[in-house]
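Please read these notes with the sequence and the model open side by side. They are arranged as numbered points, each on one topic.

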Amino acid sequence: MSETVPDNTARMVKSENRSEEESSNSAPTDSTKPIDMADASTQIQTETSESSTNTVPAEAIFLLEPAKQSANVPESAQNRLYIKRGHVVNHDGMQQADVYIEDGTVRYVGSGADFVVPGGCRTIDATGKLVMPGGIDPHTHFQLEFGGTVSVDDFYKGTKAAVAGGTTTILDFVLPKKGESLLEAYDTWRARADPKVVCDYGLHIGITWWSKSVRDEMKILCQERGVNSFKCFMAYKGLYQLNDSELYEVFETCKELGAVAMVHAENGDIIAKNVTKLLSEGVTGPEGHELSRTEEVEAEATNRACVIAHQAQCPLYVVHVMSKSAGIEVARARRRYNGTGIFGETLAAALGTDGTHYHDKCWHHAAAHVLSPPLRPDPTTPEFLMKLLAQDDLQTTGSDNCTFNRNQKELGLKDFSKIPNGVNGVEDRMSVVWEKGVQSGLIDPQRFVAITSTNAAKIFNLYPRKGRIAPGSDADLVIWDPKAVRTISASTHHQACDFNIFEGMKCHGVPEFVIVRGRVCVEYELIRVAEGQGLFLETPVYPSFVYDALNGVSRPEDESDEKHTRNGIQSLDLNSKSGHDVDIPDTYALPEKYIPGPALSVISGDSQLSTPHSARGHRPDGLKNMQESTFSISEELDKSEARSCIRVRAPPGGKSSGFW
């Protein structure tokens, strides 16, 4: 927990336009707050150093020195905040610790017995709660012009909803029109976002056409504008789609610049043919969307993109993996290339719902679920994708938040191909991943942190400033109540859209406090944010997490991370052939045949607290106990490996606590 932030970590650029509205960090006085007021008086208080008898070790004194005023930190973040008695969860470990924050930065993480709380410091008691890095959503589309309309979540409403759900950083996509300058499009997005964002944000750039000028502007964006990632499209023929030769050149350019290539993997030529055929046969409803771009259309493009990237020796990040078939192709590519160079992202939508909704009798209900690649009708897809996340075949979860209301979706009322593509997810992503991952017993809180925050920070070179709770990191934190329950609904969400694809989902695990660069922005159900309080994040090139492995550089911390990744779940046997000759199997038979059941660390018998590490204590009635799963461990495992998969975990020293 003693990591420091390197000098070359992402610089923060303060927005020129900022709202004068500032938010107080005092405790709320709303009598309707859903907690016992007597408890609140003990949980939320101000402590002074005179009231403490603790001493400060010499090595920690530097943490308590008054921080210098930084030009890059908004005035609203100039505060002192002390979080005590929480369980601090990072991707590689969990400990009971206190956290001290000053001037928007984490200054201390450790025992309260070794720390003197400074005067004028607000204290939050996090007993029984998890203190985790704020979420990083690597995939949003706020205020996006698409299909003749504009997504209704702009950068204020979208980032406010993100913060409400525990996400404190978003990465949005600049999508230039064909022939448009990348630099001009970048400036347009900055002008939209800077005055409105309430949390920090970065930008990916879409490569929607190809020429020498595009190549030249990519270099400028990397060297002068703080961009290190570029997205190519293999779909949207005639609008964004690039051919294979152009993909290869983009990937080569990314490698030369130290950038990360991204790809929307669907075979656009096949989709265009299928759309024409379906419409001519009278299929005009939302179901035609999925029928025109089935699983193998996504899987074929995914494999092709991985092969092209490998030939160009370029790191590739496959966005929104939506099907089992595509997930298998990412997993196989990672096996072929020894786990280097290929990264995969899936969406909250793919984990929390499925494509059966496209056949709903209500046209508006079906159309509200349209996005690309589409949700899959196979209802076993969500669990399959979560298992790929559990074993690190996929690394991140995004939202692909791109919301359109009922009247906007009606643009495709008589032609499914004209339905604006996009769903919600930025607000509910963290809760959905917790419910489908931790609450179900497939992953533990450490892996939850990895796939909702840390891995994105590492891939896009924001770590450890983002995605970690350690001295020197930005104070982006969420205090998570693993026992609290909420029900998702469009009637209560903070997004501008009139429909929620997770409507009625009961989620265990709620962000009780959300802290953005030291500022308490969510306190129970009360949200305090100001337009423009967020900052633009420059993402430096050559992220070490991505490029060190490609360049053959071994990092000890990567070996340590691997031990915390799989939660005891063994590698999937994907029945892959050697080399490039890989057949796509019958994916509908894969879960039962190839996926071993998760063997999680189980909670010790004397624990009193319902622990998300095993998700046993508060599993709702009727859910399957994954420890008693009928899935079998792969036959390649020897007996000792099988025994090591199921164990009782205890903290260092052997003493049991509520989260071990």
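1. Basis of the notes. This is a predicted model, in which local features need pLDDT of at least 70, side-chain atom pairs count only at pLDDT 80 or more, and totals for chains, interfaces and linings use all residues. Residues are numbered from 1 along each chain as its sequence is written, and side-chain values use heavy atoms, with hydrogens and water left out.

2. The chain as a whole. The chain has 20 helices and 22 strands; these are DSSP runs numbered from the N terminus, with helices (H or I) of at least four residues and strands (E) of at least two. Of the 660 residues in the chain, 61% are buried. Here buried means under 20% relative accessible area, exposed means over 50%, and partly exposed is in between, using a 1.4 Å probe and protein chains only. Among contacts (heavy atoms within 4.5 Å) in the chain between residues at least 6 apart in sequence, 80% join residues at least 24 apart.

3. Helices H6 and H9. Helix H6 (residues 244-257) packs against helix H9 (residues 295-311) at about 45 degrees, and their axes are 9 Å apart. The axes are lines fitted to C-alpha atoms, for helices over the stretch in contact, and the angles run from 0 to 180 degrees between N-to-C directions. H6 and H9 are therefore oblique to each other. On this scale, angles under 35 degrees are roughly parallel, over 145 roughly antiparallel, 65 to 115 roughly perpendicular, and the rest oblique. The contact is made by Asp244, Leu247, Tyr248 and Phe251 of H6 with Arg304, Ala305, Ile308, Ala309 and Gln311 of H9. By type, the residues of this contact between H6 and H9 are six nonpolar, one polar and two charged. Nonpolar covers Ala, Val, Leu, Ile, Met, Phe, Trp, Tyr, Cys and Pro; charged covers Asp, Glu, Lys and Arg; polar covers the others, Gly among them.

4. Helices H9 and H10. H9 also packs with helix H10 (residues 324-336), at an angle of about 20 degrees and with axes 7 Å apart. That makes H9 roughly parallel to H10. On the H9 side the contact is made by Glu295, Glu298, Ala299, Thr302, Asn303, Cys306 and Val307, and on the H10 side by Lys324, Ser325, Ala326, Glu329, Val330, Ala333 and Arg336. The residues of the contact of H9 with H10 comprise six nonpolar, three polar and five charged.

5. Nonpolar cores. What is the size of the largest nonpolar core, and which residues have the most contacts inside it? It has 132 residues, and those with the most contacts inside it are Ile207, Met218, Phe230, Phe251 and Leu316. Apart from it lies another core of 19 residues, among them Ile101, Val109, Ala126 and Leu477. A nonpolar core is a set of buried Ala, Val, Leu, Ile, Met, Phe, Trp, Tyr and Cys residues joined through side-chain atoms within 4.5 Å. Leaving aside its neighbours within four places in sequence, Phe251 is in contact with Cys232, Ala261, Ala305, Ile308, Ala309, Ala312, Cys314 and Leu316. In soluble globular proteins, nonpolar side chains tend to be buried together.

6. Val514. Val514 is found in strand E19 (residues 506-516) and is buried, with a relative accessible area of 0%. Beyond its neighbours within four places in sequence, the contacts of Val514 include Val163, Gly166, Leu477 and Val522. The C-alpha atoms of Val514 and Thr167 are 8.2 Å apart, although 347 residues separate them along the chain.

7. Glu290. Is Glu290 buried or exposed? Glu290 is buried, with a relative accessible area of 10%, and lies in helix H8 (residues 287-292). Apart from neighbours within four places in sequence, Glu290 is in contact with Tyr358, Pro374, Leu375, Arg376 and Pro377.

8. Backbone geometry. Most residues other than glycine have a negative phi, and most peptide bonds are trans. A cis peptide bond joins Ser372 and Pro373, with omega about -10 degrees; Pro373 lies in the loop between helix H12 (363-367) and helix H13 (381-390). The bond from Tyr463 to Pro464 is also cis, with omega near 5 degrees. Asp103, although not a glycine, has a positive phi of about 55 degrees and sits in the loop between strand E4 (93-102) and strand E5 (105-110). Tyr524 is not a glycine either, and its phi is positive at about 60 degrees.
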